[in-house]
Every structure is written in C-alpha cells, then in structure tokens.
Amino acid sequence: MFRPSTFRSGLSGRTTAALLAVATVATLGLTGCANDDKPVGPTADGPLPTEVPAGTTLVVADQSERLQSVLRISGELDKLPFTVEFANFVGGPAILEAFRAGAADVAQVGDVPPIHALVAGQDVPIIASYQTSTTALKLAVAPGKPVSTLADLKGKKIAYAEGTAQQAAVLRAIDKAGLKTSDVQLVRLQLAEFPDAVRTGQVDVAPLIEPNVTRFLRTPGTSLIADSETAGIYGGLAYLYARRAVVRDPAKAAATRALVGAFVRAYQWANTHPEEWARRYYVENQKVSADDARRIVDSLGTYVFPHLDQKLVDHQQATIDAIAKAGELPEKVQAANGFDLRFDAAITQAVTESGAAFEPKAR
C-alpha cells in the first residue's frame, strides 16, 4: 500500500520515512509539436493559478530523500502554503509506475525518465529544471579490468538501466567510441544494483554518480575512465515533472507553481551554503564522511536553472535521438510533448529574486 511520509508546511511540519518498490512500465508511442511561445503538450492550458486553497496536498516522489532534504534544510518547505507528502524511490521507472497509479503528483528525476513517460503514453510534463556539472557522472571500472578509454568498452559488460539518465550516458559513450550496442554486453540491472555489481566484477563498467562514486573508489583496484574520454556523455540535467492532471487541477496547479519556486530557491541556498548542505545532507542523511561530502558537493558544482523554452526542448530532443539511434526506443517521440512552458515564469521569478543563475532564454 502507498504510504508516503507527510510534511505539513509551516512550523508544524512532521517527518516520517517511506519507501516504495521499484516497478517497470509498458511502452506506447506519443507524438506532438513544439511552440516556443505557448505551453507545449497535447493541449495548451490556460494561465497558471496562484492561489492555493486550504487543504491542498501534493505527493512528491523523491530519490535518496534529496529533494525533501534541500527543501527542509533551506527552510523553503515550511514556507509552502500546502501539505507536502514525500515518498522515496530508487530510479525513474518506479516513479513512473507511481504516476501511472495516480499515487504521486510531482517528482525530481534525471533527463531520461520523462522520455520514457512519453514512450509509455503517460502525460507527465516537465515543469522545472536544474543543471549541475556535466562531469558529475563517471564510468566506473571494476577492479583489475583493463578499461581506460571508451574504445576499451568493446566486448565489456556494462551496467544498464532503461528509463534512467545513466541509460543515455552509456549509449552516448558507446556511440562516441564508434561502437554499436552489439559490440558490448549491456547487463540490465536495477539502478541500486550498479555499485555492488561493478565493485564485485559482475560487470566491467557502470555509470555512477555521487555519493556512489566516492563509495566505489574505496574498493582497492577500482578506477574511473577519465573525464577527458567521457566528455559529452552526460548533460547534468535534472527535472521536476508532474502529471498533467495535477497541473490542470486549479488547486494542485497553484501548489505546483509554488513548489517550482521553492525548488529553485532551495537549490540556490545549497549554492550559497555548500558546507552546511554537505554536512546536513551528505554526512547526516547519506552517511558519508565529511571529506567525501565536500568532494561530492565540489563535483556537482553550481546549480543553474535553464529556462523552460525551445532551447531546453531541443536539448531533450537530442537525448531522445541518441536513445533512438541505438535502437533502444520502440518508437521515436517528440520532446515537445513533455513540457509545460507556463512554469517558466515561476522559474524566472525565483531565479531573479534569489540571485541564482540561468541560461539565456532562447529567441
């Protein structure tokens, strides 16, 4: 049964823990077109409401308690004028199944889960984004394996999880090496299985992000393919996306708009309080050492906040094209169907007021 943890915004917030199981999704096709000046998706909805009625609740799907932690530690959670319920997941496919069941309203994920939502025929538009360092994802090499370049991937076992940002990184790495997926062995695993699989040699290579990179390197004989080799395989993007029914419901849409502003301000707080963020999230919550926490924060760099515009839509389409080129999509879909550009105004306001940075708006 779905039992999310609950935060009631304001000073009376309470925290409990919850975990939902990983699930997979079926696939269907969905296509559409883009417009840089209007909301994109199957229909163009009206302006976003701003008034949040009393009693409104949003269920937010989280991973590693990251979003709830940054909202809570930054103080943004207590400012939200509605109830927030959090449920913790491992990977985008599990979150997508919760969306399918109507058991989650909003989620933070990497760049590939929204693509698989489109493929699955689910209407879950992107409503906000941040970008961190494009070198934050590393290709980890199992102890004793002779892999130091992308060309060395030929014939190797590579950990692979459909519906995740790691999937796109692996496919881009293979393509950059001039290889095809048939030239390697893609070992399909759950995302949570990657660290142990590569550490113990069940696979030769696995795409990892922090804090798993730091934990992995504690095993003698492990290594990473150099950033100079892997440049361009990872975009560093994370998204907030929400069920279309949520952003069409007046109460939930207004709450989601407020959440988008809090999302930007909270991660900007992490930009300006890196030591506190490292200590309170990575040390106290994720249980890494203080030195490792600082390394993790440094590896991610500064959070910046792209506009929701045609430039971002095109970037997402390029990721779709990379996955389709590898034959890993049953049907090519259009990125434009996976955005709700109305939320750009909330992003712009929060970035401007908080002193955060964003990329220039596309013209």
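Predicted model: local features only at pLDDT ≥ 70, side-chain atom pairs only at ≥ 80, totals over all residues.
**View 1. The largest cavity, with a volume of about 40 Å³.** Rolling a probe the size of a water molecule over the atoms shows where empty space is left. Here the lining is made up of Pro114, Ile115, Leu118, Ile126, Gln316, Ala335, Gly338 and Phe339. Sorted by type, that's 6 nonpolar and 2 polar residues, with no charged ones. Helix α3, running over residues 113–119, gives the most to this lining, with 3 residues.

**View 2. The largest pocket, at about 910 Å³.** Of its 41 lining residues, Gln63, Ser64, Gln166, Ile209 and Glu210 are the closest to the centre.

**View 3. Helix α9, residues 250–272.** With 23 residues, α9 reaches 34 Å from its first C-alpha to its last. That is close to the 33 Å expected at 1.5 Å a residue. An α-helix has 3.6 residues a turn, so residues three or four places apart point the same way.

**View 4. Zooming in on the start of α9.** Which residue puts a side-chain oxygen within 3.2 Å of the backbone nitrogen of Ala251? Look for Asp249: a side-chain oxygen of this residue makes that reach at the start of the helix.

Key:
Residues numbered from 1 in each chain as written. Heavy atoms only, no water. Helix = DSSP H or I, 4+ residues; strand = E, 2+ residues; numbered from the N terminus. Expected span 1.5 Å × (residues − 1). Polar contact = N/O pair within 3.5 Å; in protein donor to acceptor, adjacent residues only side chain to side chain. 1 Å grid on protein atoms, 1.4 Å probe; cavity = no way out; pocket = protein on both sides within 12 Å on 5 of 7 lines; lining within 4 Å. Points joined across faces, edges and corners; volume = space filled by probe spheres on them. Nonpolar A, V, L, I, M, F, W, Y, C, P; charged D, E, K, R; others polar.
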